[in-house]
Amino acid sequence: MAEISNQNIGKNLKIFGFEIRRAKKDQEAIEPVKDASVVAPTDDDGAGYMTSPSYHYGTHMDIYADLQIKDQADLIRKYRSVAVHPEVDMAIEEIVNEAIVNPQEAVSPLVKLNLDAVEISSSIKKKVEEEFKNIRKMLSFEERAHDMFRNWYIDGRLYHHLVIEEDNPKQGLKEIRYIDSVKIRKVKNVKKKKDKETGVRIVHTVEEFYIYAENAGGCGPGGVAAAQGTNTAVKLSNDSVVYVTSGLLDEMKSKVISHLQKALRPINQLRMMEDSLIVYRLARAPERRIFYVDVGNLPKGKAEAYVNTLMSRYRNKLVYDQATGELKDTRKHMSMLDDFWLPRREGGRGTEVTTLPGGQNLGEIDDIKYFQRKVYQSLNVPVSRLEQEQAYSLGRATEINREEIKFQKFITRLRLRFAKVLLQPLRQQLILKGIITDSDWLELFHNKIMVDFYKDNHYTELKDAEVFRERLNVMDQAAQYVGEYLSKDWVMRKVFRFNEEEIEAMNRDMKAEIASGEVNPDDHDDNAKE
């Protein structure tokens, strides 16, 4: 089998992997762009562009300067460190648990392939469904779906390497291996050619591939350049890697970002507020003692030395460690308070000890709650799901929070995007085995084949039941006018909101039921008259 870990190459990154759309002898050839344009084609994969004819990485622009991040690898590590925060981890688990629902019945799969909109024969459908099961098995999807979705949501991207038998690629995929997002990056090599008539440089070819660096410390521009210098970078073909992104790009449309991107600022603010709250409470909670020390007629220098000597005997110092949240006790003697030591000259009231009261508003945490709510809102999770005082209840659809409806739409978009983890290797498998061609996929399957996830959303069921119940109530009130002022077709379109296909199917089923004797049309007419 082909394995990327055993390949060491030089500066001219050699191709590794497979290309399914061209014959083996034509793998090095790159098809030119059909439509002339000065602008390179773009998509939502966030791949970096190179306009030089070679694969050497020279100078690059630091597009991560606003986040103080050097490259893609540092950005991913930033997301992972943020995901460890308790509030963020709780929100991520809520999203993952809602998107990936393990079926209660053992016979029900986690995901099903929906081919209703694909116009192919039943025999081809059966083969496609069989290969879909094989893809799920190679991915261990039933066991790893939760972790895969979590990694994809946090990193904002997910990579898998498709392993085939090089001597016999028609056997299809042998293995699907996970690739750490830190070690790989997609690159597009754009080559331009000057137009003879206008003199304008137009895009001639666009080559897409992946750079895999096992020990380069990341696949950013600097990481890949370092990997080339150490002879550890590998160039993977476009078809040998499954690459699924979050679909989100930064404001420059130059890099893929995670759904956690908009939570970075609220999380940093929340951390600072929590740390400052602890420091404030430690500083203001205890009562302070004031020592007025009688120094008599000692000179200024000796008086200060005498006071410092007394302070060193009773001084206690508590240091707050921001990284671990622990208190480091550096005390030397039994005193547990930060005291004030003030010298007092002869003629005063002598040595005296008084106290200062502690803080009176130490229990206020409204500012902490404010930033917690900002974190939850930035992650699109309803606050009622995360706050302890909010009880989880199921009621009427009219009582359901609008945030829940928005949250379910958000989960649906995530599922639609994440389904490419299954659909991309399925496409490669079908083409490798000769079940379909690449043009068949684009014409028949693209944007028509769907993946249905197992759902247990009570809010959606309640909303649908509530809407249908209200439509039935309206129908009961309008039934007395059907046949006189309203037509059945109008009721089906305006009240029940049926489309043309649903109306035709409904009429066809009703005629079949009447013909079989299951339904007596006279009973319906009598009910309508009443």
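Predicted model: local features only at pLDDT ≥ 70, side-chain atom pairs only at ≥ 80, totals over all residues.
Leaving aside residues up to four places away in sequence, S378 is in contact with K262, A263 and P266. S378 belongs to helix α8, which comprises residues 366-378. With a relative accessibility of 9%, S378 counts as buried, because the cut-off for that class is under 20%.

Of its 530 residues, 38% count as buried. The chain exposes about 31,600 Å², and carbon and sulfur atoms supply 50% of that area. Among contacts in the chain with a separation of 6 or more, 73% are accounted for by residues 24 or more positions apart.

Which residues of α1 are buried? They are Q72, A73, L75, I76, Y79, V82 and A83. An α-helix has 3.6 residues a turn, so residues three or four places apart point the same way. The cover over the buried residues of α1 includes the helices α2 (86-99), α4 (141-155) and α6 (264-284). Strands β4 (157-164) and β6 (184-194) are also included in that cover.

Strand β4 leads on to a sheet. This is an open sheet of three strands in the order β5-β4-β9, and the pairing is antiparallel. Its edge strands, β5 (173-179) and β9 (241-245), each pair on one side only. From one strand to the next, the twist averages 20°. Strands of a sheet pair through backbone hydrogen bonds, in either a parallel or an antiparallel manner. Between β4 and β9, the antiparallel pairing extends over five bridges. Within β9, V244 is the bridge partner of L158.

Which helices accompany these strands? Helix α3, formed by residues 122-139, lies across β4 and β5 and runs at about 45° to β5. Helix α11, formed by residues 420-432, packs on the sheet and touches β4, β5 and β9. The direction of α11 makes about 155° with that of β9.

Definitions and conventions
Residues numbered from 1 in each chain as written. Heavy atoms only, no water. Buried < 20%, exposed > 50% of the residue type's maximum accessible area, 1.4 Å probe, protein only. Helix = DSSP H or I, 4+ residues; strand = E, 2+ residues; numbered from the N terminus. Contact = heavy atoms within 4.5 Å. Pairing = 2+ DSSP bridges. Axes fitted to C-alpha atoms, helices over the stretch in contact; angles between N-to-C directions. Areas by Shrake-Rupley, 256 points an atom, 1.4 Å probe, with all protein chains shown as cover.
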